[in-house]
Amino acid sequence: MRRMMKIKEQILIFGGLALFLFVATYAFWQEGEAKKIRRQVAKSAGEECIESREYMRENHMLVLDEWRHSAVREGDRIHVTPDGREFEKNMSTCLGCHTGKQFFCYNCHQYASVKPNCWGCHQAQ
Amino acid sequence: MKKAFMPLIAVVLLAVIPYVAVQFAGLGFLFGVIIPYAAIAVFIGGFVYRVVDWARSPVPFRIPTTCGQEKSLDWIKQDKLESPSNFRQAAARVLTEVFFFRSLFRNTKAEAHNGPKLAYGSSKWLWLAGLAFHWSMLVIVLRHYRFFIAKVPGFVQILEGVDGFLDVTLPAFYLTNVIILAAITFLVVRRLLDAKMRLISLPTDYFPLFLILAIAVVGIFMRYITKVDVMSVKDLMINLVHFKPALPEGIGALFYVHLFLVCVLAIYFPFSKLMHMGGIFLSPTRNLSNDSREKRHVNPWNPDVKTRTYAEYEDEFRDKMKKANLPVERK
């Protein structure tokens, strides 16, 4: 009887421990590689973006947000870069150079599990 | 106050180390690869060690702390959760404690009023803040799986959707970010404001609070204010979990602060009060059923003591007892 209790206890404890180990090491068992998924981003056809690559990587969503606000609410549809070049505040301006929403937006956004709400209103091309 | 300041200074120092080392000394590989591997190894190894150590500790008797009517006669109503009498009830007691912190719900507060008047009142704030903190922490940890798994699993996406359902700010604002900050702030302030709490609080109480607070603040900074290149961060993490360590270029030093503090937390975890994560399940005062009056629990390592019953005594001396007219049980 006593031995049975002991075994039951051990099953519970080590079962719980196994569950912990499974959750703690869950990521280690998953498939998938880092580079292959995202680096097929279509190369840009234009010459130079409105800001540096590093800046755009980290802040493109803020640029788009600012564009939406100033263009739609204030009617200011022209973006002037620090070095004086002018761009129309329009999603097509981005996609004109970075062709193909499929690769340009989706690959990274899917990889990072970030869902932009652009395409809730804008038509996908 | 020293008890609170020392951990605070320790956390600040721990945050500065990786910043300086990565920004100025170029030690990205140490802080991005070597220390994280060491941390996960210590965390898992230490956790398993502690649980196995507890599992091997003998618990010969039933020692539950109860606060309800134990199982008695049929017409006396048993309090099945507060005084469980079988495995199922004891398991329900442990699980409700784990998920809802029932013992904290009983928290009371003593206050001395003017004159010799001592008042006790119910105080649910600790329960509320504790619950808010732990649940937020769980959601945040699970949300971070998006950085470790190439194809982000569905449950993470569901959590992100629920957590960010307000759909304000860019990047999407997560409720748990604010809840965890508010809850930790309360848990720190609670220890600092009340003299009785200050007296019983130790550096080991403050340190994890400050550490988790720092991790959360740096994380929130990276998400909403200073920004890091999430792609490179995820590349680094995916490389780590597939044991192909490679350090991508251009991750901000702030990320290494976040990562290093998490590593410190992971290494500190198994050897500290934070082990209550495993300990809550293994507390004999909580996970045993209160059945001492139903079943006999014999200490398994009791020595085999040679005993002699009265019947044996009488057998030996029966004739003499009869001659001396002493009463005997068997003729």
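A salt bridge here is a side-chain nitrogen of Lys or Arg within 4 Å of a carboxyl oxygen of Asp or Glu. The tour starts with one such pair and comes back to others later. The model is predicted: local features need pLDDT of at least 70, side-chain atom pairs count only at pLDDT 80 or more, and totals for chains, interfaces and linings use all residues. Residues are numbered from 1 along each chain as its sequence is written, chains are lettered from A and ligands numbered from 1 in the order in which they are written, and side-chain values use heavy atoms, with hydrogens and water left out.

**Stop 1: B:Asp205 and B:Arg191**

Select B:Asp205 and B:Arg191, which form a salt bridge with their closest N and O atoms 3.7 Å apart. B:Asp205 lies in helix α9 of chain B and B:Arg191 in helix α7 of chain B, 14 residues apart. Helices (H or I, at least four residues) and strands (E, at least two) are DSSP runs, numbered from the N terminus. B:Asp205 is buried, with a relative accessible area of 12%, and B:Arg191 is buried at 15%. Buried means under 20% relative accessible area, exposed over 50%, and partly exposed in between (1.4 Å probe, protein chains only).

Now select B:Glu314, B:Asp315, B:Arg318 and B:Arg330, which are joined into one network by salt bridges that share partners.

**Stop 2: B:Glu97 and B:Arg286**

Next, show the side chains of B:Glu97 and B:Arg286, which meet in a salt bridge (3.6 Å, N to O). This pair links distant parts of the chain: B:Glu97 is in helix α3 (residues 87-100) of chain B and B:Arg286 in helix α13 (residues 284-287) of chain B, 189 residues apart. B:Glu97 is buried, with 8% relative accessible area, and B:Arg286 also counts as buried, at 19%. Over all chains, a search of the whole structure finds 21 salt bridges.

**Stop 3: the nonpolar core**

Colour the nonpolar residues of chain B and look for the largest nonpolar core, which has 58 residues. A nonpolar core is a set of buried Ala, Val, Leu, Ile, Met, Phe, Trp, Tyr and Cys residues joined through side-chain atoms within 4.5 Å. The residues with the most contacts inside this core are B:Phe47, B:Leu211, B:Phe255 and B:Leu261. Elements that each supply at least two residues include α1 (2-24) of chain A, and α5 (125-143), α7 (175-193) and α11 (253-268) of chain B. The element that gives the most is α9(B), with eleven residues.

Centre on B:Leu261. Not counting residues up to four places away in sequence, B:Leu261 touches B:Val11, B:Leu14, B:Ala15, B:Leu211, B:Ala214 and B:Ile215. Contact means heavy atoms within 4.5 Å.

**Stop 4: the interface**

Display both chains and select the contact between them: 40 residues come from chain B and 39 residues from chain A. The area buried between the two chains is about 3,500 Å², of which carbon and sulfur atoms give 66%. Buried area is the accessible area (1.4 Å probe) that two parts lose on being put together, summed over both.

Across this interface the rule finds one salt bridge. Select A:Arg57 and B:Asp229, whose closest N and O atoms are 3.6 Å apart. The pair crosses from A:Arg57 in helix α3 of chain A to B:Asp229 in the loop between α9 and α10 of chain B. A:Arg57 is partly exposed, at 42% relative accessible area, whereas B:Asp229 is buried, at 4%.

Between chain B and chain A there are seven residue pairs in polar contact (both at pLDDT 80 or more). A polar contact is a pair of N or O atoms within 3.5 Å; within protein, one must be able to donate a hydrogen and the other to accept it, and residues adjacent in sequence count only if both atoms are side-chain atoms. On the side of chain B that touches chain A, α2 (28-56), α6 (154-163) and α10 (230-241) of chain B each supply at least two residues. The most come from α10(B), with nine residues. The residues on this side divide into 26 nonpolar, five polar and nine charged. Ala, Val, Leu, Ile, Met, Phe, Trp, Tyr, Cys and Pro count as nonpolar, Asp, Glu, Lys and Arg as charged, and the others, Gly among them, as polar.

**Stop 5: chain A**

Chain A has five helices and two strands, running α-α-α-β-β-α-α from the N terminus on. Of its 125 residues, 24% are buried.

Finish at A:Arg77, in the loop between α3 (53-73) and β1 (78-80) of chain A. A:Arg77 counts as partly exposed, at 41% relative accessibility. Leaving out residues up to four places away in sequence, A:Arg77 touches A:Ala71, A:Phe87, A:Glu88 and A:Lys89.
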